[in-house]
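Please keep the sequence and the structure in view while reading.

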Amino acid sequence: MNDWIFPEGFLWGAATSAYQIEGSPLADGAGVSNWHRFCHTPGVTHLGQTGDVAADSYRRGRDDIRLMREIGLNAYRFSVSWSRILPTGTGRINRPGLDHYERLVDALLDAGIAPSLTLYHWDLPAALDDRGGWLNRDIACWFADYATVLVRALGDRVPFWATLNEPWVIMDAGYVHGVHAPGHVALSEAPVVAHNLLRAHAAGVDAFRAETRSGQVGLVVNIEPKYPARDCDADLGAAARADAYMNRFFLEPAILGRYPEELAPIFGADWPAANIAEAAALVRPLDFVGVNYYSRNVVADDPAAPPLRATRVRQPQNPHTELDWEVFPQGLYDALAQVRATSGELPLYITENGAAFIEPITARTDPLPDPRRVDYLRQHLRALHRALADGAPVRGYFAWSLLDNFEWAEGFSKRFGLVHVDFGSQRRTLKQSAHFYADVIRSNGEALE
Ligand code: FCB
C-alpha cells in the first residue's frame, strides 16, 4: 500500500468519439454528416484524410471491447453518430443505426464495462447543417428529439449521458476559425452558435429527464487554465479575457444562468442583448460535469490581437506534445479547482486527458514503447490524486484515447491512443502506456508510485 490509492468505485475509463474511430460513415442507411462532407472538401484536412475508414470500429466493436478488458477498464466513453440514428437529422428513425449502438452497449455491459454515452461529439447530420446548423434556433428542438429517441432506446442500460462534447470547440473551431466543420470564419456567429448550443443542452437534459428516472446526465467542457505571463494588470486582464472566452463561456450559463461579463466587450455590437436576457433559462440541474483537460495557456496582453487582445507565450522550459500543447500536470489540478468554484459539490469526471506523441516504430515490438505518454499519464494521474485528496469530487477518469484515431483536421498525423492502430491493416497493438494504465487500474492507483 502507498499513498496513491484512489477511492473505492472510481471509474477507470478511456474515451473515443464516433467519427474519429468508426469508419463506414454511410453504412446501414446512415445519412451524410457535416464531418463527412467537410473531409471530402479538398484542402481542409491533413493530406485530405477522412474518417471513411478511421479505426474501423463500426465493424470491430468486439475487438475494441477485448482491448478494454485487457486494460481492465470499468468504463468506456463513446459518442453516437446522430446521422446513423436520424439520417436527415429529424423524423424517420433508421433502425439499423440504433441497433448498432444497442449491440455496443449490451456487449459493454456483458464485459462489465459501464457505458458513458455522449450524444453529440461534433458530427451533425448534413441535412441539418443545410438548415443553418447551430445558427438555427430550431436546433434545440432537433437535438431534444434526437435525445428522446436514444434515451427511449438505451435509457435503461446506459448509466452516464453527456449532452454535448466541448461546445466551445464546436463554436470556435467550426464557426470562428473555420478549421472544423462547417468551416465558417465569422466571429459574429459565435454568440448565436453558443446560445443555441446551450439551449440544445438544456432541451436535451429536459428530454432525458422526461424519459428516464435512472442514469445521470451532464455536460462535457474543455478547460485550459489561463495564467498571466507577468504579474501585471495588463496580463491579468488578458488572462481573464481568454479564460472567459474559452473556459467560462458555456459552464457559467449552464450552471449559473449568466454569461461572463468579459464577453460583451469582446464581441461589441455582435453581443446580442436577447441572449443575455435569456441566459437564466439555460440552467438545468445536472448530475455531473465532464472536464476535458490537455494543457494550459500562459498569455500576455496584446492590443494587436483582436478580439481577445491576448497572445500565448510559449513555455520552452516544459515538454510539448506533437500538437505543441505544453505538458503541465498542475493545470489539471487547477482546472478542477476552477470548475469546482462554479459547480460546487457536483460530481466531476475527467472525461478526456491524454497526449499526442508519435513514437518511432523500428521493429514490431509488442508492447510498443511510448515513454512520453506513460510519463504524461503518471504525472496527470498524480495531479488528479492531489485534487481528490484536497476534496475535489471527482468520480472517474477517462484517458483520451483508447485507440489511435482520426484527429479531425489533423487527420491521422496525431496519435493519442493507448493502443496503436496500423491504419493499413487495422492491426491493434497495446502501447506501454496501456500496460501502465492497466497496472494503475489493477492496483487502484498504487502503481503511480
Ligand atoms: C478534444 C476532442 C477529442 C480529441 C481531443 C484530442 O478536444 O474532444 O475529440 O480530438 O481533443
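How do the residues of the lining of the largest cavity divide into nonpolar, polar and charged? They divide into five nonpolar, seven polar and three charged, where Ala, Val, Leu, Ile, Met, Phe, Trp, Tyr, Cys and Pro count as nonpolar, Asp, Glu, Lys and Arg as charged, and the others, Gly among them, as polar. The model is predicted, so local features need pLDDT of at least 70 and side-chain atom pairs count only at pLDDT 80 or more, whereas totals for chains, interfaces and linings use all residues. Residues are numbered from 1 along each chain as its sequence is written, and side-chain values use heavy atoms, with hydrogens and water left out.

The cavities and pockets are found on a 1 Å grid over the protein atoms alone: a cavity is a set of points where a 1.4 Å probe fits but cannot get out, and a pocket is an open set with protein on both sides within 12 Å along at least five of seven lines; lining residues have an atom within 4 Å of a point. Grid points are joined across faces, edges and corners, and a volume is the space filled by probe spheres set on the points. There are six cavities of 30 Å³ or more in the structure. The largest cavity holds about 100 Å³ of space. Its lining consists of 15 residues, and Tyr19, Pro25, Ser33, Ser81 and Arg84 are nearest its centre. At least two residues of this lining come from helix 1 and at least two from helix 4 (82-85); helices (H or I, at least four residues) and strands (E, at least two) are DSSP runs, numbered from the N terminus.

The largest pocket contains about 1300 Å³ of space. It is lined by 48 residues, of which Trp168, Asp172, Glu224, Met246 and Trp325 are the closest to its centre. Two or more lining residues are given by each of helix 8 (167-176), helix 10 (233-248), strand 8 (297-301) and strand 9 (310-312). Helix 8 supplies the largest share, five residues. By class, the lining of the largest pocket has 26 nonpolar, 11 polar and 11 charged residues.

The ligand takes up the space of the largest pocket (a molecule sits in a cavity or pocket if more than half of its atoms lie within 2 Å of its grid points). Around the ligand are Gln20, His121, Trp122, Asn165, Glu166, Tyr294, Glu352, Trp400, Glu407, Trp408 and Phe416, each with a heavy atom within 4 Å of it. This shell comprises five nonpolar, three polar and three charged residues.

The side chain of glutamate 166 has an N or O atom 2.5 Å from a ligand oxygen, and for glutamate 407 a polar side-chain atom is 2.8 Å from an oxygen of the ligand. In tryptophan 408, a side-chain N or O atom is 3.0 Å from a ligand oxygen. On its own the ligand has 290 Å² of accessible area, of which the protein covers 95%; such areas come from the Shrake-Rupley method with a 1.4 Å probe, and for residues only the protein chains shown count as cover.

Some points of the backbone remain. Alanine 181 and proline 182 are joined by a cis peptide bond with omega of about 5°, and proline 182 belongs to the loop between helix 8 and helix 9 (190-211). Another cis peptide bond runs from proline 306 to proline 307, with omega near 0°; proline 307 is in the loop between strand 8 and strand 9.

Conventions: Polar contact = N/O pair within 3.5 Å; in protein donor to acceptor, adjacent residues only side chain to side chain.
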